[in-house]
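These are my notes from one sitting with a single chain. I went from the overall fold to the charges, and then to individual residues.

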Amino acid sequence: VRTTPALHKKAFELIETVCTKLDAKIHTVYTPSPPGYTDPKTKIVAAAVPLAGSIGHAEDSTDLCFFSEIGIPGIILGPGDHELSHKPNEYCTIKNIEKATVVYKKLIEKMK
């Protein structure tokens with residue numbers, strides 16, 4: 001289950017309620033990770049939007065949740081092609097890596 005900050009706790013409560021009503025047993029293999037979230041008003045988002053062109057949300061699993069959990073604002077910004085993510089022979093083109101390098105340098109300058 002992929003949740004949002006507003007839905008995280010409630011989602012697991014709802015799953016437990018439904019399983020109880022169905023007399024089904026539920027257990028987690030590991031503690032669910034919290035959702036990753038960075039307020040759009042943070043400095044890093046404000047600095048990245050003009051460089052990236054837009055903001056959105058990642059539909060894939062990322063490590064942002066672990067940064068969010070300890071209060072470090074972050075973004076997901078990379079040269080990869082979403083269509084190739086986590087597939088056999090995943091790759092990034094040299095052109096996209098070069099573009100990302102320019103964007104990262106500009107982002108670092110804006111964050112100073």
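Entry 1: I note at the outset that the model is a predicted one.

**Entry 2: the partner of Lys9.** I looked up what the side chain of Lys9 meets, and found a salt bridge with Glu13 at 3.9 Å, N to O. That distance passes because the rule asks for a nitrogen within 4 Å of a carboxyl oxygen. Both residues belong to helix 1 (residues 8-21), where being 4 residues apart puts about one helical turn between Glu13 and Lys9. Glu13 is partly exposed, at 35% relative accessibility.

**Entry 3: the count of salt bridges.** How many salt bridges does the rule give? I recorded 2. Besides the pair in helix 1, I found Glu109 with Lys112, whose closest N and O atoms are 3.1 Å apart. Both Glu109 and Lys112 are exposed. As background, I wrote down that side chains of opposite charge can pair when their charged atoms come close.

**Entry 4: charges over the whole chain.** I counted 14 positive and 13 negative side chains. The centres of the two sets lie 7 Å apart.

**Entry 5: secondary structure and extent.** I list 4 helices and 0 strands for the chain, in the order α-α-α-α from the N terminus on. The radius of gyration is 18 Å, well over the 13 Å of the globule rule for 112 residues, so I describe the chain as more spread out than a compact globule. Along the principal axes, the C-alpha atoms fill a box of roughly 55 × 35 × 20 Å.

Entry 6: Pro50 sits in helix 2 (residues 43-52) and is exposed, with a relative accessible area of 56%. Its C-alpha atom is 9.6 Å from that of Leu107, although 57 residues separate Pro50 and Leu107 along the chain. Ile108 lies in helix 4 (residues 94-111), and I classed Ile108 as exposed at 52% relative accessibility. Between Ile108 and Ala48 there are 60 residues in sequence and 9.6 Å in space, C-alpha to C-alpha.

**Entry 7: backbone angles in the loops.** Which loop holds Asp23? I placed Asp23 between helix 1 and helix 2. Asp23 is not a glycine, yet its phi is positive, at about 55 degrees. Its relative accessible area of 73% makes Asp23 exposed. I logged Asn89 as a further non-glycine residue with a positive phi, here about 65 degrees. Asn89 belongs to the loop between helix 3 (64-69) and helix 4, and is exposed with a relative accessible area of 72%.

Notes
Residues numbered from 1 in each chain as written. Predicted model: local features only at pLDDT ≥ 70, side-chain atom pairs only at ≥ 80, totals over all residues. Heavy atoms only, no water. Helix = DSSP H or I, 4+ residues; strand = E, 2+ residues; numbered from the N terminus. Rg over C-alpha atoms; globule rule 2.2 N^0.38 Å. Lys, Arg positive; Asp, Glu negative; His and termini not counted. Charge placed at Lys NZ, Arg CZ, Asp CG, Glu CD. Buried < 20%, exposed > 50% of the residue type's maximum accessible area, 1.4 Å probe, protein only.
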